[in-house]
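Work through the exercises below with the model open. Each task is followed by its solution.

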Amino acid sequence: MKNKLFGFALLGVASASFVLASCSTEPPAAKEGVIYQTSVESFWIGVGHAYMTFEYVEEAEEGELSGYVFKVNVDAGDGYSAWLSGNYVLEEENGTFGDLTLTASWDASSESPTTLDGTTPGVAKTYSLEDGVYTIGVGIPSAGVIDFELDPVNDKVGEDQKPEVSDSKTDEASDSDTDADTDTDSDPEKTIQVSLSGSTSASMAGMEIKAEGKLDVYTDNTWDFYVKTSPGVSEDYLLAASGSWAVDMTTYVTTLTVVEETAEDSMPDTLTLTVDYTDPANLVYTCEFAFVSSGMTFEFTLSNVEAEPEKTPQVSLSAQTAGGQSGKLDLYTDNTWALGISYYTGMDYVESASGTWAMEGYTGMTLTVTSDAANVLAEDTYTVAFDAVSNPGNIVYTCTMVANVPLVGELTFNFTATVAIPA
């Protein structure tokens, strides 16, 4: 539900004499107090490694956090250390896990801080369990957003050491809860039948404003629509509109009627909720409408199915032929690559071939062609070389590809990219 602000990942090879202190993809043995520990994620094309721990700290040293604490432990070549930490709350009852909430702080004024993706310092972010794991995005300098997966069942490495409440206190709490239940005559929480989400953007005074929307449709035939913007006045979702819904049993069209709006004329009078019944076991709900706020119009397309995440380039190489054609070789963080060709100035790049890549030590990588519909590439594999010596403080990537394009002819691309080594 969140947009990720992907950074530009760099290869962290400082020079020919750079020494890697740790290249293991296995996390160190869990320390005392650690309850959960994730697998290691790699970045900077295999040079950097990181994992997360979730622990209980009863007595913290001065300046450190206590209680339930999470840490993002990073090895940039000199051993693991915590680059980000904060407190966490994990809902669990009799082995059934609920939401995971993380709250972290970092220096937002820093040029390259490690951040908790999708939130700001000191503001909590909640993660839902999906397919047995929580996916936590962390922004690591010069590596973009790295996703860590916490499996609360398989990643458990220790027991919760928090002191248990005494029986007397437990009894008192139970009595208090009983009294509260007896004295409180509140309505039960509404049940969500389906929740839709989506993001869009609009421009104001030359600035792009991003908006995220969430539409909760309840079983009691009501609905709520929430919005948050970035930059905006709040990091939390704010209620924008609510109303009722009904199904036309003749056409089976679901209509959402707007009853209340936070801002007048911000919503249409009615919305249409469409349902795709192609897969009866996985119905796809969609709702499209325009939302007006502060003179800006946000065109929302909300769905209960998350969009495929945008792939993040680890590095992009470029080249131009003698005939003026431009080429782009994108190497992605998911170990895939794509060749794009622009045949004249102003033309969008056309993806012409793609494949996978693998590291060959720390001097280069091998690109394997897996898709080449027009058969423009003669070779099955190509080499990208790294040079961290000739241009101090930078890494130079090079790769040569010859493409034979129908009706165009043979195009030679001498790809190159010069990237500053992260400090």
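Helices (H or I, at least four residues) and strands (E, at least two) are DSSP runs, numbered from the N terminus. The model is predicted, so local features need pLDDT of at least 70 and side-chain atom pairs pLDDT 80 or more, while totals for chains, interfaces and linings use all residues. Residues are numbered from 1 along each chain as its sequence is written, and side-chain values use heavy atoms, without hydrogens and water.

**Exercise 1.** Locate Met 249 and decide whether Met 249 is buried or exposed.

Solution. Step one: Met 249 lies in the loop between β14 (238-247) and β15 (254-261). Step two: its relative accessible area is 58%. Step three: buried means under 20%, exposed over 50%, and partly exposed in between (1.4 Å probe, protein chains only). Met 249 is therefore exposed.

**Exercise 2.** Give the strand order of the open three-stranded sheet and find its edges.

Solution. Step one: strands pair if DSSP finds at least two bridges between them. Step two: the order is β7-β9-β10, with antiparallel pairing. Step three: β7 (115-116) and β10 (144-150) each have a single partner strand, so they stand at the edges, with one side of each lacking a neighbour in the sheet. Step four: β7 pairs with β9 (residues 134-140) over two bridges, and Leu 116 is opposite Val 138 in β9.

**Exercise 3.** Which rings lie under the charged ends of Lys 190 and Lys 214?

Solution. Step one: a charge sits over a ring if NZ of Lys or CZ of Arg is within 6 Å of the ring centre and within 35 degrees of the ring normal. Step two: Lys 190 sits over Tyr 218, 4.1 Å from the ring centre. Step three: Lys 214 sits over Tyr 237, at 5.0 Å.
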